Every structure is written in structure tokens, then in C-alpha cells.
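Hello,

Here is the structure I promised to pass on.

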Amino acid sequence: MTVRPAESADRPAGTLDASRPAGVPTSRSGRVGRSAPAPGSGGTPRPAGLRTRWLVAGVVAVLVALVAGVSLGPVSLPPGSVAAELINLLPGVHLESGLTEREIAIVTELRLPRVVLGLLVGGLLALAGGCYQGVFRNPLADPYLLGVAAGAGLAVTAVIALGAGAGGALTGIPVTIPLAAFVGSLGAVALTYLLGAAGGRDRSPATLILAGVAVSAFLAAGQTYLLQRHSESIQQVYSWLLGRLATAGWHDVLLILPYFVLTAVVVLLHRRELDVLSVGDDEATSLGLHPQRSRYLLIAAASLGTAAAVSASGLIGFVGIIVPHTVRLLAGSSYRVILPLSMLFGGAFLALTDVVARTAAAPAEIPIGVVTALLGGPFFVLVLRTARRVFT
Amino acid sequence: MSVPAVEVRELRVTLGGAPILAGVDLSVAVGEWVTVIGPNGAGKSTLLRAVGGLLSAPGAVSLFGTPIQSLRRRDRARVVATVAQSPVVPAGMSVLDYVLLGRTPYIPPLGRESAADLAAVHEVLDRLDLGGFGRRELATLSGGERQRVFLARALAQGATLLLLDEPTSALDIGHQQEVLELVDQLRREHGLTVLATMHDLSVAGEYADRMVLLADGRVAAVGPPQEVLTETLLARHYRARVRVIPGEHGPLVVPVRPR
């Protein structure tokens, strides 16, 4: 293809002038990109962004997971009645669901909080994973692989074992636990980042993950040591550690809800910046950004989300890598798409995984972390294969 | 005399203890094309980074009369745009989205692009003959096409000062000429100022109004190409044996094998 100078020579000269944007109309109605398809040619290309159909698909997935999660269990309830009962929770609505008082109690007091917790935890883990992948420009980043979850795990174990959280026992999560988890997760991600950066300028995506593995192993050793010294709390720590959504009702949901909102708002507001960061720090700087400042803020937000998820449900691995990558493959590689969809599909994914975890070996429950790891292991190999093709 | 687009005074940069630039002065007039040449490690890229604001050099660099450190990042990005030597090509990103990144200084920090931003991008794409490429994935383009997309992103920034770090090093001679002709044409049409670094001396001399020869972190020579591209200067600073032949648009530098 050659340049044809004549073609553009007659354009008005001022159009690329720096002064121009000052005179630009200030209307910023968001939907501009979707108007005005070019005649014939199948429309002008649109900038990457969340398409309505994907948003709808995400919301539908959440609703399906909600109804399925509440319906299925030791006592299966008809999904239609469950849906009616869920709608009844909205103010000013009353539908006849045909459920008995006892069944209604199962829905609202036992299963619903558990499913909602699954949605929140899954959404947080997937969102944090997508965010880490953007911040570190590393397709393999995940709260679990970066050692973030292990850091939170060590901190929570310390709190339980050293008795600071003993008051909460099994009746719910003490407020100290998410805070300890946050401190632990930030410490771990800082350690991983420093260790990964020690590889110098020519470090590959794998360097960071190796650093994360080393940090995880180190922190896990610390955790084991703590448990040895405080064997009376082993039972309590392990039931939490393996990942569980069995909750003490709405208490846990309410405890992590503020963290969920904060993380989601901060990360989703920066979704375009993550796209800019993907061209590298130098270019992001010359485009007017503070890459390091954005990076720290986003790491803090994603670590806060991870910490909240870990405090509520223990170590649930691979959600942060399975979900964002599936979204990337199906819906597009812009973080404006990946982040919101990861949150929705991550929630739906974990809520549905929980259904498997508590029905597959009923009446026993498989720890949900075991189920996600069984799915995630093979998936991770798949990501490694595609990542090698795309990113090197 | 009017305010120069770039004014560098006594620029000193030390990286990891080693002096890279040891007092460099440089002035680029508005609308001028200045190319920096020099042997490997002379500090060409560092000079460009300082002018682009990627290295802090307080008091040493002014753009259009304003000291660079007193410009806010976003404002600086509206004044000076850089095309790096080998820009990162994000996986899966379309040409349209890549060029749209150039509008970042105009998009509110947490907002999204406006119709005006999109219009500016489409205009730049058309101007660079990239109209049909909007949907294409950047990673699938050829070297010459990519270089035009990188240029498009810089132009979408609306900056009148363009910094080009080795803009043609990845291209064959046909595409080198194509890209440089394009830059020159844009410069004439829009009054852009160009500060570039280049390795190919003949090509550099054909397009530059003035050249700066950088050696060991200092300016060894500055002036029109025929004053900088001389057998003596090149022999001294590149330790190269060359023959300089007068050409139509500037001296042609031909390496000859030492006896």
C-alpha cells in the first residue's frame, strides 16, 4: 500500500492543530460510537467497548446462577417457585410461589446468602485477576499465582491461631479478618513484585509468576509453622482454608459487601487506563498518564478485593484466570470488556461451581476450592499455550 | 526571533552513575526538521526522552517557551508526541483502538472518548491512508503499515511537536522513504516540528533541515546536512571510513572498506 499525498493535500490545515480540542463540542453523551454506520461498508469500525448483548449475557448468567444455586440442594425446589420467591424480595411485589414457610426459610435464610456470597466472591476474584493481568501486563497473573491469596491466608491464619479472631469462632467472620487479609495480601503482592523485578529488564511474564510461586511457598511455610505451634486451631483454619461458601447467613455477605463495592468501583473506573497501560509505561507517560500511580492504586484495589474474598471463603484458586481469559477469548481483549464481564461471569461461575461442590458427593460437600482447582489446572495449561503464542 | 519549539540548555543526564549527556544545547525552530545522529551510545534516545518528558531534567528543556516541568502531563501530551523506536503492540488491539489511545490527553481520566475524539481518529486514519484498517488487529499488519499506525497514534494526539526515535529502523528502503515522505508532507501541511534520531546517514541528511551530531554525550557538530555529514567528522566520531558524495537533497554517505 502506498501513500498518496495528493489525496489529503487539500484538507484544511488546522484540523490536526493542538488548539483544536479546545473548540470541540463538549457533549460527551456516551453512545456516540454506536451511531452513524457508514453507508454500505458494514458500518464504521467501533472502538472496543462493552456491547449490549454481552452485558445482557452476563446479567442473564448471574440470574441463572442465582436461581439454580437456590433451587438445587439436598431438598430441590422448583426453579419457577424459587424465581417467584426471589422476585418477592423486591419491595412492593408479591407473587404466589407455592412454597411452604419452611421452604421459604430455606430460600431466604440458608441458600440465598450462600449463593450471593458465591456471586460476590467469584466476581471479586475474577475482577482482581483481570485487573492484575492488566497492571502487570501479564496474562498469567492471578490472585492465587501472585501469592496474594497466600498472603491473605497467612494473615488470616495468624489472626485465628493467635486468638485475635477467636470470638467469631464459627458463627461468622470477625471484622478483624478482612483487615488482616488485606495487609497480608498487599505485603505478598509487594514481595512478588520486588522479587519479579529483580530479574531485571529482560524478565519474561514467567518471571513474575515464578516469583509468585516462591512467595506463595514461603508464606505457606509460615502458615504451616503457625498451625504447628497452634494445633488447637487446625480444624478451624482448615475448614476455612480449603475454600468454602458455607456461611453463617447474611452476616458474611454484609461484611464483604463494602469491599466488593469499593474494589468494583475503583477497578471499573480505571478500565480504560488499563488499555492505555498495555502499550507500556513510557508510552502511557507520553500520553499524559501517571502509570506508576495508576498501577499502585489498581494493585491496592485488586488486593483489597482478593483479601475480602479470601476472608469470606478461604483459598479458591483459578477463578481469577479462568474467567478473564474466557471473556478475553469470547468477547474481546480490551479491559473495558474484560473487567465488567469478568465480574459478572466470575460470580455466576463460582455460584454454579458451588452447586457442583455441594451436590456431586451429596450429602457430603466437596470444598469448592478443590472443584475450581480441578477445572482450573487443565485450563491453565491451555492459557499457557495460547499466551505463548500471543504474547511473545 | 520567535520562540523555538524546543530549547535545550546544558542538559545533563546521568543514568546509574554513568554520564549519558554531558551538557547538550539544542534549539529547534517551529516547523523545522532536525535529525540527531551519532554513534551507538551517544545519547540520542536519551536526548529525545528528555525532550518528550520521559526523563526529568529540571530547567534544561523548554517547549514553545514553557519549561517542560511546569506543564501538566496531559497538557504536555497535547504539545509533544513521541513515536518510540519499537512501540509495544498490544495483543488483540485493533488499529482503531490503538490510534484512539492517542486521544488519551483529551479524554477525562475516568471517562470515555467523545464523538470529537472518534472524528479526529477517523480523520487521521483517512489522512494516512489507513481508512480500511480500522478493524484490523494491529499485530497482523506489516512493518510499514504498523509504522504508519504508530504515526497515526502520535498525530491523533494533536501535538505539533513530533519526536521520532529511529522511525525507519525496522523498514526496507521503500517503506523508509514512504514513511519519511509522509512525515515531511504532514510537517509542511500542518506546520509540525520534527525532532528525529536516525542511523542511516544519507536518508537522515535528505530529510533534515539541520542535523546534530552527538558523540560521547556532547554536541560534536550542528548545522545543515552538508556541514555535519563530512568525511572528517564521520571519521572522527564514528571511526568509520566513508565517502561523501553531493546528492540532490543532501550529501550521500557511502561506507568504504578500510585499506
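In chain B, β1 and β2 form a hairpin with 2 residues between them, and B:Gly16 in the turn has a positive phi of about 55°. Helices here are DSSP runs of H or I with at least four residues, strands are runs of E with at least two, and both are numbered from the N terminus. Before I go on, please keep in mind that this is a predicted model, in which local features need pLDDT of at least 70, side-chain atom pairs count only at pLDDT 80 or more, and totals for chains, interfaces and linings use all residues. Residues are numbered from 1 along each chain as its sequence is written, while chains are lettered from A and ligands numbered from 1 in the order in which they are written.

The strands β1(B) and β2(B) pair in the antiparallel sense over 8 bridges; two strands count as paired if DSSP finds at least two bridges between them. B:Glu10 is exposed, with 12 other C-beta atoms within 10 Å. For burial, C-beta atoms are placed from the backbone, and a residue is buried if 20 or more others lie within 10 Å of its own, exposed if 12 or fewer, and partly exposed in between.

Contact means C-beta atoms, placed from the backbone, within 7 Å; the axes are lines fitted to C-alpha atoms, for helices over the stretch in contact, and angles run from 0 to 180 degrees between N-to-C directions. β1(B) also pairs with β4(B), antiparallel and over 3 bridges, and there B:Val6 is the partner of B:Leu63.

Which strand of chain B is largely enclosed by the rest of the structure? That is β8 (residues 193-197), because 5 of its 5 residues are buried. B:Thr193, B:Leu195 and B:Thr197 point one way from β8(B), and B:Val194 and B:Ala196 point the other way. Strand β3 (residues 33-37) pairs with β8(B) in the parallel sense over 4 bridges, with B:Trp33 bridged to B:Val194. Strand β7 (residues 161-165) runs parallel to β8(B) as well, joined to it by 5 bridges, and B:Leu163 has B:Leu195 as its partner.

The largest nonpolar core has 190 residues, and B:Val99 and B:Ala152 touch the most other members. Its largest share, 17 residues, comes from α4(A). Such a core is a set of buried Ala, Val, Leu, Ile, Met, Phe, Trp, Tyr and Cys residues joined through C-beta atoms within 7 Å. Beyond four places in sequence, the contacts of B:Val99 include B:Val121, B:Leu125, B:Val149 and B:Ala152.

Chain A has 15 helices and 0 strands, and 48% of its 392 residues count as buried. Of its contacts with a separation of 6 or more, 76% are between residues 24 or more positions apart. In the loop between α4 (101-135) and α5 (148-161) of chain A, A:Arg137 has a positive phi of about 45° although it is not a glycine. A:Arg137 counts as partly exposed, with 19 C-beta neighbours inside 10 Å.

As for confidence, the mean pLDDT of chain B is 91, and 100% of its residues reach 70 or more; pLDDT is the predictor's confidence in each residue, from 0 to 100. For the complex, the predictor gives an ipTM of 0.89 and a pTM of 0.83.

Best wishes

How values were computed: Contact = placed C-beta atoms within 7 Å.
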